[in-house]
Amino acid sequence: KVSDHLYHDYASHLPIIDYHCHLSPREIYEDKPYENITQMWLYGDHYKWRLMRANGVKEELITGQGTDYDKFMAYAFTMERAIGNPLYHWSHMELKNYFGITSSLTAQSAPDIWNETRKQCQDKKISPRTLIRQSRVEVLCTTDDPVDDLRYHKLLSEENFATKVFPTFRPDRAMNIRGLDYVDYLKQLSLVAEVPITSFANLMEALEQRMIYFISMGCKLCDHGMERVVYRKCDANKIEEIFQKVLMGKEEPTKEEAEIFQSAFLIAMGRLAKKYHVVMQLHFGVARNINTKMYQTLGADIGGDAIADAVSASELGTFLNALNETNELPKVILYSLNPADNAMIETVMGSFYDASARGKLAHGSAWWFNDHKIGMQQMMTSLANLGLLGNFIGMLTDSRSFLSYARHEYFRRILCDLIGTWVECGEFPQDEALLKQLIYHISYGNAKEYFDF
């Protein structure tokens with residue numbers, strides 16, 4: 001009863017701040033209506049693709065040339081066996097929230113659901129902006145490469161679209177010196193930044209110029225993705241030697257050299273984040289493209305990734321300490337794909353708090369393979385046990401689908417269930433003022449304050 005009260009009376013109506021997503025600013029600006037639900041569900045969602053492959057669906061009906069109707073039917077058939085999977089919950093919440101459909105999605109019900117959703121797409125002209133407005137999204141932050149000209153962010157800003165659409169600075173391609181197109185990418189970066197890149201110092205100068213431009217467009221965050229956080233202390237000469245070897249195309253850098261470069265790169269980016277008051281996000285614990293055959297056929301971000309080994313507390317702590325020693329540690333959000341890292345993250349963060357900001361280091365919302373009921377409960381329980389759950393900055397979509405805002409409802413229900421259970425067990429008082437503030441801040445208010453939106 002307490003959980004029900006907390007959700008319906010305090011959480012359900014709050015606006016959404018989506019501070020990390022992979023939505024397309026171009027799609028938001030162009031606002032083209034969808035023809036059918038497959039376009040919304042299956043055109044770019046690797047969560048669903050993985051599940052369909054697990055059910056033996058042919059690739060033709062996943063990422064291939066199958067018809068939208070046949071792809072939808074294949075997904076509906078998969079749903080019949082998806083008990084306990086968050087996609088089962090999300091899919092039905094999306095049908096309910098955006099189409100008013102409350103029946104279960106099965107192979108038998110799918111034709112009627114297809115027809116009804118298709119009719120609504122045509123009659124209501126359902127589009128990215130209508131879904132954003134209906135979801136009460138106040139701010140959303142896309143994920144953007146430093147070479148992006150941000151034209152659609154600019155157009156949306158000039159248009160005074162009610163939802164603030166801000167870019168996020170994601171320089172992974174500039175960090176990945178083992179990338180096959182690395183030198184070509186540096187040429188692009190040099191051109192847009194108007195900085196000749198002939199040294200590591202030039203590289204960071206170019207990235208600083210682009211960060212300044214991103215900030216002028218409302219950017220509040222940078223983001224970095226890696227398999228693991230490493231810290232390899234090395235002098236400037238060695239870093240320059242590695243960079244020059246790559247720049248001249250002499251030979252592929254070794255794994256050790258790549259780690260040295262990553263360390264220097266992230267330290268430099270941390271300093272820029274501190275200098276310009278940008279929040280630094282670190283996404284780690286992911287093993288990318290482990291299915292080589294699939295990667296060579298379909299490319300990246302198609303469902304061929306996995307949870308990597310747990311990250312070393314010593315290395316993460318040493319990295320943060322290197323910035324902290326020079327008073328250049330920015331606000332940092334830590335996300336690990338490995339749930340075994342939860343307690344480690346809490347204890348490392350707890351070693352670097354100070355009075356410069358409430359919850360200066362933040363444990364990011366349960367990410368990717370963990371954004372299900374158990375994963376969210378475990379992450380929030382760990383934060384509560386070893387830190388301050390009341391400072392948690394809450395949920396994000398991390399999605400390419402405009403229907404994914406149902407995940408915020410999913411998160412808020414799980415949050416209220418967790419806190420309500422603790423209250424009913426006598427572990428926290430049933431104090432209405434305290435509970436209302438907790439739900440408000442975790443669902444919405446903390447993110448607004450943390451990012452200064």
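Visitor: How many residues does helix 14 have, and how far does it reach from its first C-alpha to its last?

Guide: Helix 14 has 21 residues and reaches 30 Å from its first C-alpha to its last. That is close to the 30 Å expected at 1.5 Å a residue. Keep in mind that this is a predicted model.

Visitor: Is helix 14 mostly covered or mostly exposed?

Guide: Mostly covered, with 16 of the 21 residues of helix 14 buried.

Visitor: And what happens just after helix 14?

Guide: His277 sits there, and it takes a positive phi of about 60 degrees.

Visitor: How do the lining residues divide into nonpolar, polar and charged?

Guide: The lining of the largest pocket has 18 nonpolar, 11 polar and 17 charged residues.

Visitor: New topic, His153. Where is it found?

Guide: His153 is in helix 9, which covers residues 151–159.

Visitor: Buried or exposed?

Guide: His153 is buried, because its relative accessible area is 2% and the cut-off for buried is under 20%.

Visitor: What does its side chain make a polar contact with?

Guide: The side chain of His153 pairs with the side chain of Thr142 in a polar contact of 2.7 Å. Leaving out residues up to four places away in sequence, His153 also touches others, among them Pro25, Asp144, Phe166 and Met217.

Visitor: Last one, Leu389. Where does it lie?

Guide: Leu389 is in the loop between helix 18 (373–386) and helix 19 (406–424).

Visitor: Why does Leu389 count as buried?

Guide: Its relative accessibility is 10%, and anything under 20% counts as buried.

Visitor: Which residues is Leu389 in contact with, leaving aside neighbours within four places in sequence?

Guide: Leu389 is in contact with Met380, Leu383, Ala384, Trp422 and Ile442.

Visitor: And how many residues apart are Leu389 and Leu61?

Guide: Leu389 and Leu61 are 328 residues apart in sequence. In space, the two are 42 Å apart, C-alpha to C-alpha.

Technical notes
Residues are numbered from 1 along each chain as its sequence is written. This is a predicted model: local features need pLDDT of at least 70, side-chain atom pairs count only at pLDDT 80 or more; totals for chains, interfaces and linings use all residues. Side-chain values use heavy atoms; hydrogens and water are left out. Helices (H or I, at least four residues) and strands (E, at least two) are DSSP runs, numbered from the N terminus. Buried means under 20% relative accessible area, exposed over 50%, partly exposed in between (1.4 Å probe, protein chains only). Contact means heavy atoms within 4.5 Å. Ala, Val, Leu, Ile, Met, Phe, Trp, Tyr, Cys and Pro count as nonpolar, Asp, Glu, Lys and Arg as charged, and the others, Gly among them, as polar. A polar contact is a pair of N or O atoms within 3.5 Å; within protein, one must be able to donate a hydrogen and the other to accept it, and residues adjacent in sequence count only if both atoms are side-chain atoms. The expected span of a helix is 1.5 Å times one less than its number of residues.
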